[in-house]
Amino acid sequence: MEINKIIESGLMETYVMGIATEEEVQKVLSLKKEFPAFKDALEQLEYDIEVLAQSMSIEPPAGTLAKIEHEINEIQRRNQAVQTAEPESRHDKNDQENKQERYIEVESESNQMRVNKAWKWVFIAVFVLGKVFLASAIYFYLENRQAQEQIKELKIELKQKIR
Amino acid sequence: MFKAVLNIPSAEPKDIRWFYDQYAPMLLGYINGIVQDHQKSEDQLVSILTSFVKDVVLQEKSRLNIWLELRQYAQSKLTLFTAKDHHLKPNQFVNQGKLDLLDDLQKQIFCAVYYHGKSIPYLAAKMDSDENEIRNQLKLSIDKMRRASGN
């Protein structure tokens with residue numbers, strides 16, 4: 001008897017219309033759980049409101065479904081792209097961190113330098129060639145000086161002959 | 001071809017089609033009752049159905065009766081149109097359906113609640129009436145239309 005009074009009170013209508021207060025919503029939900037008659041009445045009202053909406057429906061223009069499907073697929077494609085990009089960028093970051101960890105910075109304290117043994121022969125060759133060039137330079141310098149002196153002597157001899 | 005190449009799972013086309021066939025005409029009728037402009041209503045229909053399918057249908061988050069949830073969702077997306085002070089006149093552009101069965105007061109109350117989500121206290125204050133009277137008139141208007149449908 002009590003439940004019929006509640007059903008007739010208009011509480012269900014405000015709930016189904018979406019204008020019920022939070023308190024009213026809680027009351028409807030608990031009554032729905034407690035009383036099968038209330039649950040049936042509420043479901044019947046929900047169905048009737050749907051039928052009422054059907055009577056006021058307007059057929060959408062052709063191509064509307066295609067637009068919606070296209071937009072949904074676009075959104076999903078974008079979400080997929082974001083999801084795949086996120087792990088890649090995370091992976092790159094980890095790689096950089098790993099590289100930094102692999103190389104340890106060491107500050108050398110010794111003044112000595114270690115060189116491969118093969119360089120020994122190169123240094124010897126450079127040294128010998130250096131000596132050869134130096135000896136040749138001295139030799140040609142002396143030769144040149146001697147030639148200059150001879151030219152001078154010849155010039156003097158020529159002048160004396162002319163007089 | 002692109003879907004196969006990119007290996008992207010698309011939304012279930014059958015589900016969307018079923019959902020669209022079932023609810024798009026009802027939703028367009030409802031949006032048109034709020035927006036009162038055919039072109040704007042059609043644009044809103046695409047936008048609202050897309051986001052509802054993405055947010056609720058594909059996520060399987062629906063808890064209520066789906067039409068009630070969709071209607072409330074649409075109302076929340078159309079606050080630009082519903083937030084303005086309601087002038088309490090029945091909408092001219094609405095596909096009247098069973099609204100013709102209601103008297104002027106019932107029509108005013110029903111449209112203010114159904115399309116604009118106005119609360120009982122708001123309407124009582126606006127119409128200088130008692131809250132119980134508004135609630136009663138709302139129930140009477142719904143009962144009238146239900147009876148006309150044979151329920």
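Biologist: In this predicted model, where is Gln36(B) found?

Modeller: The model is a predicted one, and Gln36(B) in it has a positive phi of about 60 degrees although it is not a glycine. With a relative accessible area of 23%, Gln36(B) is partly exposed. As for its place in the chain, Gln36(B) is found in the loop between α2 (13-35) and α3 (38-57) of chain B.

Biologist: Which phi does Asp128(B) have, and is Asp128(B) buried or exposed?

Modeller: Most residues other than glycine have a negative phi. Asp128(B), placed in the loop between α7 and α8 of chain B, is not a glycine and yet has a positive phi of about 55 degrees. Exposed means a relative accessible area over 50%, and because Asp128(B) reaches 73%, Asp128(B) counts as exposed.

Biologist: What is the makeup of chain A, in helices and strands?

Modeller: From the N terminus on, the elements of chain A run α-α-α-α-α-α. Of the contacts in chain A with a separation of 6 or more, 56% are accounted for by residues 24 or more positions apart. Counted by element, chain A has 6 helices and 0 strands.

Biologist: What percentage of the residues in chain A is buried?

Modeller: The accessible surface of chain A comes to about 13,700 Å², and 55% of that surface belongs to carbon and sulfur atoms. A residue counts as buried when its relative accessible area is under 20%. Among the 163 residues in chain A, the buried residues make up 22%.

Biologist: Which elements do the buried residues of α8(B) pack against?

Modeller: The buried residues in α8(B) include Ile134(B), Leu138(B), Ile142(B) and Met145(B), and also Arg135(B), Lys139(B), Asp143(B) and Arg146(B). These buried residues pack against elements of chain B, namely α6 (104-114) and α7 (120-126), together with elements of chain A, namely α1 (2-7), α2 (11-16), α3 (22-34) and α4 (36-55).

Biologist: How is α4(A) oriented relative to α8(B), and which residues of α8(B) make the contact?

Modeller: The axes of α4(A) and α8(B) come within 10 Å and cross at roughly 75 degrees. Angles of 65 to 115 degrees count as roughly perpendicular, and therefore α4(A) is roughly perpendicular to α8(B). On the α4(A) side the contact is made by Gln44(A), Leu45(A), Asp48(A), Ile49(A) and Leu52(A), and on the α8(B) side by Ile142(B), Met145(B) and Arg146(B).

Biologist: How many nonpolar residues does the contact of α6(B) with α8(B) have?

Modeller: The axes of α6(B) and α8(B) come within 9 Å and cross at roughly 95 degrees, which means that α6(B) is roughly perpendicular to α8(B). Residues of α6(B) including Leu105(B), Ile109(B), Phe110(B) and Val113(B) meet residues of α8(B), among them Ile134(B), Leu138(B), Ile142(B) and Met145(B). Of the residues in this contact, 3 are polar and 1 is charged, and the number that are nonpolar is 9.

Biologist: Which residues is Ile49(A) in contact with, leaving aside its neighbours within four places in sequence?

Modeller: Ile49(A) has its place in helix α4 of chain A and is buried, with a relative accessible area of 1%. Met17(A) is 32 residues away from Ile49(A) in sequence, while their C-alpha atoms are 8.8 Å apart. With neighbours within four places left aside, Ile49(A) is in contact with Val16(A), Met17(A), Trp67(B), Leu68(B) and Ile142(B).

Biologist: Which residues does Phe81(B) touch, not counting residues up to four places away in sequence?

Modeller: Phe81(B) lies in helix α5 (residues 79-82) of chain B, and at 14% relative accessibility Phe81(B) counts as buried. Phe81(B) and Ile34(B) are 47 residues apart in sequence, and 6.7 Å apart in space from C-alpha to C-alpha. Residues up to four places away not being counted, Phe81(B) touches Ile34(B), Val35(B), Gln44(B) and His116(B).

Technical notes:
Residues are numbered from 1 along each chain as its sequence is written. Chains are lettered from A and ligands numbered from 1 in the order in which they are written. This is a predicted model: local features need pLDDT of at least 70, side-chain atom pairs count only at pLDDT 80 or more; totals for chains, interfaces and linings use all residues. Side-chain values use heavy atoms; hydrogens and water are left out. Helices (H or I, at least four residues) and strands (E, at least two) are DSSP runs, numbered from the N terminus. Buried means under 20% relative accessible area, exposed over 50%, partly exposed in between (1.4 Å probe, protein chains only). Contact means heavy atoms within 4.5 Å. Accessible areas come from the Shrake-Rupley method with a 1.4 Å probe; for residues, only the protein chains shown count as cover. Axes are lines fitted to C-alpha atoms, for helices over the stretch in contact, and angles run from 0 to 180 degrees between N-to-C directions. Angles under 35 degrees count as roughly parallel, over 145 as roughly antiparallel, 65 to 115 as roughly perpendicular and the rest as oblique. Ala, Val, Leu, Ile, Met, Phe, Trp, Tyr, Cys and Pro count as nonpolar, Asp, Glu, Lys and Arg as charged, and the others, Gly among them, as polar.
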